[in-house]
Amino acid sequence: MRSVVIDGQISYNAVTQIFNSETFRSLLIELIKDSERKRTSLCSLFELFVKNPKETVFEEKYDLDSMVQLLLALMVNTIEEIDNSRCYSFPMLSDKKTLLVKFVDRLFNLWRSKHRFMLRRDTYTPARLKRIFKQAVLVNTNAELRSLVLSTYRQILINISDVSLKILRQEPGGAQVSFLVDSPEIHRDVMVKKADWLYDLDFVWSIVFEPPVIFYTRSNKRRGLFKVVDKPILHKIDIDVPRNWLLFPIFVGKKLIFVVTNKEYLAHAAGLGNLFEIANFDDIRNRKPDGIFIFGMDDEFFKNPGDINGVIYKEDDMYIGLVGDHPSIDYFGYMKKMILTIHNLLAIDEGRLPIHGALAHIRLTNGKSANVMLLGDSGAGKSETLDALNQLKEEVSEVNILIDDMGSLDTNQSGEVVAYGTETGAFVRLDDLQPGYAYSTMDRSIFMNPNVVNARVIVPYSNYDEIIRPTKIDYFLYANNYEKVEERKKVRFFDSHEEALEVFSKGARMAKGTTAEKGLTYSYFANPFGAIQRKEKHSKIASKYIETMMKTGVKIGEVYTQLGINGYEQSGPLLAAQSLIELIKKS
């Protein structure tokens, strides 16, 4: 048990709600089993509660009910009173206070190590004040749970130990993320055919975070490409236990995607709240989704074992993405990149050019400004360079990020190329940000595996209306993270669209550990998310857009972020940011 889903329909005000729950019993069993496996000092305590030493069934070997009753008794009596009372038949424990304290501490810490979510079913409302009220009810319910857990933990410690609690730490003991869910009334004409199971699921319409939100997952790298198969799949899919899944309707740019997530992977689904716009039920009642993504499908569903890492099927005008249930895919990159790949495939089908890049409106303190798009694969230094601009406050007035990782190009009525975004947040490497920046947004961010290499943070940065507004581009630059350059040569412009196509198509990059790749790698158009899967069609679209940009005055070249060079992880993006400032000053 890694993810715990807590009932948000009830009020939490009695200690019996904790100790009589199935969740608590599961925690107790997990702690005992782990202690047996590791042969910890707690084994000597648990041995006192063995009722059938020869029993192989765990629940029959230990007197779990007696352990629960002991904890309940410790809520009102000291351990000495329990030992001296005729009302109880527990083993004598007054001489084992240290072990008891360790037992209670480890139970509490085991609970806090879980991914904890609260789920409340409540009728969706578009009215702002009513929505805030429903959110406040959910917040209060979680606060009740947190208070109950903490007070129970402290009271038991007080009744065990002679040492008073001189320092109280308001440690988070409730849900980390809470969801409001309902079943929307979908017009029959827009229901997805052969997917009736979709409408048996709970749809999420609001998310509440309790910062700091930190999740530890079993993987922190993404591997391989998502295969695209042009054949139907919906008739083979069946979600037979709807309560084990949640559906998140999100907008990716202007595309509506239904993200169906197994509750074991709700940590990744929670990240959607910081990265995409959650669709209102009013938006989906009369609209068919453009794509469906299912995260956590049973591995047995996939005939090809490699497909558990992600496979996309095209059925009619819709794309359906599937990812398996395996420790190797327990990484938010699979959630984000599958969703963006579906978006990009839709863009290519419509003749638009998907871009794996970042776009920012940069305004200097001298009044000059420009819209700069940086193109590059994961770890190229796009987000890091834009973040470095924010550190140069004497020269930079404002950096308004319109696209952080993925967008698409289109042309307006005047024939100019414009860009649209997809995400309202950023999923970035913690190590590549300026020191302290991510922690300054701790009350809004979601941290993923902050203790390991490729630690990530999901930071919200923009609003939906801004990212879907068409934005003209002034500079279109490839983010070169692998070449070390002299300080005076930090930007190079291309002389022809053929030269630009050659650099962009090669997609060279020094891998930064964000995927399973290492060293200098190449990815077509720096975009393994749709572009390589539809390479022939994409190449024609790309040539058209680059030629159009050059004809309309967009400056196309490459900027040297040097992020992939040892020792330049911080200074490289800073130098690149300074070079962008110089360009804008001269414009």
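Predicted model: local features only at pLDDT ≥ 70, side-chain atom pairs only at ≥ 80, totals over all residues.
1. Helix H2 spans residues 22–38, and its 17 residues reach 24 Å from the first C-alpha to the last, close to the 24 Å expected at 1.5 Å a residue. The helix is followed by Arg39, whose phi is positive, near 55°.

2. The buried residues of H2 are Phe24, Leu27, Leu28, Ile29, Leu31, Ile32 and Ser35. They are covered by elements that include helix H1 (16–19), helix H3 (43–46), helix H4 (58–61), helix H5 (64–73) and helix H7 (97–113).

3. The largest nonpolar core has 90 residues, and those with the most contacts inside it are Phe19, Phe103, Trp197, Leu198 and Leu322. Helix H8 (residues 128–160) supplies the largest share of this core, nine residues. In soluble globular proteins, nonpolar side chains tend to be buried together.

4. Phe19 deserves a separate look: leaving aside its neighbours within four places in sequence, Phe19 is in contact with Phe24, Val68, Leu71, Leu72, Met75, Thr152 and Ile156.

5. A second, separate core has 48 residues, among them Val259, Phe276, Ile312 and Phe529.

6. Strand S11 (residues 311–315) is largely enclosed by the rest of the structure, because four of its five residues are buried. With strand S6 (residues 227–229), S11 pairs in the parallel sense over three bridges, and Lys227 stands opposite Val311 in S11.

7. S11 is also joined to strand S12 (residues 318–324), by five bridges and in the antiparallel sense, with Ile320 of S12 as the bridge partner of Tyr313. These two strands form a hairpin with two residues between them, and Asp316 in the turn has a positive phi of about 60°.

8. Elsewhere, four strands make up an open sheet in the order S13-S17-S18-S22, with antiparallel pairing. Its edge strands, each pairing on one side only, are strand S13 (353–355) and strand S22 (471–472). Strand S18 (residues 417–421) runs antiparallel to S22, to which two bridges join it, and the bridge partner of Val418 in S22 is Lys472.

Notes:
Residues numbered from 1 in each chain as written. Heavy atoms only, no water. Expected span 1.5 Å × (residues − 1). Buried < 20%, exposed > 50% of the residue type's maximum accessible area, 1.4 Å probe, protein only. Contact = heavy atoms within 4.5 Å. Pairing = 2+ DSSP bridges. Core = buried A, V, L, I, M, F, W, Y, C linked by side-chain atoms within 4.5 Å.
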